[in-house]
Amino acid sequence: TRTPVVLGVESSCDETGFGIVSEGTLLGQGLASSASQHAEFGGVVPEIAARAHLDAAVPILQIALHDAGVELGDITHVAATSGPGLATAVHVGLAAAKSVAWALDVPLFGVHHLAGHAAADTLEHGPLPERSIVLIVSGGHTSILAIGDLVRDPIEHLGDTLDDAAGEAFDKVARLLGLGYPGGPVISRAAVDGDPAAFRFPRAMMRSGDPAYTFSFSGLKTAVARTVETIERAGDPVPVADIAASFEQAVVDVLVAKAVRAVKDHGLDTLVIVGGVAANARLRAVAAERCEAEGIELRIPPPRLCTDNGAMIAAVGDLLVRADADPSGLGIAADPSAV
Ligand code: KG4
Ligand code: ZN
């Protein structure tokens with residue numbers, strides 16, 4: 001039998017990703033983003049994202065093959081995000097994956113997008129322990145998950161956000177500070193020169209009676225908006241750096257406190273942080289400090305593997321192949337609202 005060479009396809013949001021993984025090793029990948037096309041709308045427009053996936057699919061697949069130094073015919077298995085995600089966007093990548101699997105006559109696996117995010121870390125730090133806690137923080141998700149082998153064990157949602165995702169909060173606050181889109185990187189940049197203690201913004205869901213792993217960020221966003229309004233009404237200059245730093249600190253405090261608590265409550269010793277917001281330097285620093293103090297092993301993939309990409313989907317496909325899991329088949333339907 002040939003060594004498996006797994007092609008992963010990701011198209012659930014605004015990134016078109018193809019990645020190629022073989023036996024736990026990332027061989028290469030290609031990635032395109034339609035983020036700039038959504039900038040004027042302050043968030044991802046599904047129809048625009050879907051069309052962008054269609055335009056990008058073949059060229060990005062070619063880039064991934066070139067980067068990996070393999071031919072299309074070397075691919076032994078295909079894995080594609082089946083959900084959760086934007087329906088039309090998921091369909092484009094899944095259709096592309098079906099076409100490739102059919103043309104090559106190789107097995108196709110549907111992959112859960114969140115399993116992909118968790119598996120991204122295996123490409124950098126090797127196999128995950130039997131069980132771990134995953135904090136997934138992106139533009140679409142803010143959840144604490146308990147995960148097992150990513151093949152047979154179901155993903156357990158310990159808690160999610162009641163309203164905005166963490167990345168969405170960054171995007172909305174960036175917009176009201178006039179910093180642009182996507183908000184995460186611009187807020188972090190502005191926050192470097194700010195004082196994170198300048199404003200005491202609310203930390204929601206942190207009281208003793210609150211659900212331990214549930215998040216809420218809409219109140220924080222509103223608090224920032226009120227602060228900006230009050231300063232503007234007084235005719236004073238808005239201290240953008242201080243507000244950005246204080247907002248960032250409030251988000252990070254809550255994320256880290258709840259994730260660390262989940263690890264301890266479940267008697268585990270590994271925390272994995274993934275998703276676009278995991279690129280945030282303050283989050284990485286605060287999590288490192290807290291995990292060190294609690295004796296928790298912290299695993300965060302490099303930023304390029306934190307955001308949506310095809311390599312993470314290939315990584316799950318590779319785990320499925322090596323676990324001898326049954327392929328999904330070409331008839332697999334997209335499951336955009338998968339939990
Ligand atoms: O995982 P991702 O690329 O896409 C999904 O939403 O699935 O995450 C994108 C999100 C955006 O909301 C963006 O503002 C946020 O990740 N982000 C950051 C940073 N870089 C990206 N948030 C905070 N700090 C960053 N450095
Ligand atoms: Zn994602």
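Author: Two strands pair if DSSP finds at least two bridges between them; strands (E, at least two residues) and helices (H or I, at least four) are DSSP runs, numbered from the N terminus. This is a predicted model, in which local features need pLDDT of at least 70 and side-chain atom pairs count only at pLDDT 80 or more, while totals for chains, interfaces and linings use all residues. Residues are numbered from 1 along each chain as its sequence is written, and chains are lettered from A and ligands numbered from 1 in the order in which they are written.

Reader: Which residue in S3 is the bridge partner of Val21?

Author: Leu26 is the bridge partner of Val21. The pair belongs to S2 and strand S3 (residues 25–33), which run antiparallel to each other over eight bridges. Two residues lie between S2 and S3 in their hairpin, and Glu23 in the turn has a positive phi of about 45°.

Reader: In what sense do strand S1 (residues 6–10) and S2 pair, and over how many bridges?

Author: S1 and S2 pair in the antiparallel sense, over five bridges. One position to look at is Glu10, which stands opposite Gly17 in S2. The hairpin from S1 to S2 passes through four residues.

Reader: How many residues of strand S2 (residues 15–22) are buried?

Author: A residue is buried if 20 or more other C-beta atoms, placed from the backbone, lie within 10 Å of its own. Seven of the eight residues of S2 are buried, so the strand is mostly covered.

Reader: At which residues does UniProt place the feature "binding site"?

Author: UniProt annotations may be inferred rather than shown by experiment. Here an unreviewed UniProt entry puts "binding site" at His113, His117 and Asp308. These residues span 196 residues in sequence, yet no two of their C-alpha atoms are more than 8.9 Å apart, so they gather at one spot.

Reader: Why does His117 count as buried, and which residues does it touch?

Author: His117 counts as buried because it has 32 C-beta neighbours inside 10 Å. This histidine lies in helix H4. Contact means C-beta atoms within 7 Å; leaving out residues up to four places away in sequence, His117 touches Ile136, Val274, Gly275 and Met312.

Reader: Where is Asp308 found?

Author: Asp308 is in the loop between helix H10 (303–306) and H11. Asp308 is also counted as buried, because 28 C-beta neighbours fall inside 10 Å. With residues up to four places away in sequence again left out, Asp308 touches Glu10, Ser12, Cys13, Glu15 and Gly17.

Reader: Into which domains is the protein chain divided?

Author: Domain bounds come from an automatic or database assignment. The chain has domain 1 (6–119 + 306–322) and domain 2 (130–301), and 27 Å separate their centres, taken over C-alpha atoms. In the contact between them, 16 residues of domain 1 meet 21 residues of domain 2. On the domain 1 side, helix H4 (113–125) and helix H11 (310–322) each supply at least two residues. H4 gives the most, with five residues.

Reader: How many residues surround ligand 1, and which are the closest?

Author: A residue belongs to the shell if its C-beta atom lies within 6 Å of the ligand. For ligand 1 there are 20 such residues, and the closest are Gly139, Gly167, Gly184, Gly276 and Asn280. Helix H5 (166–176) and helix H6 (183–191) are the elements that give two or more residues to this shell. Ligand 1 lies between domain 1 and domain 2, because both give residues to the shell around it.

How values were computed:
Two residues are in contact if their C-beta atoms, placed from the backbone, lie within 7 Å. A residue is buried if 20 or more other C-beta atoms lie within 10 Å of its own, exposed if 12 or fewer, and partly exposed in between; C-beta atoms are placed from the backbone.
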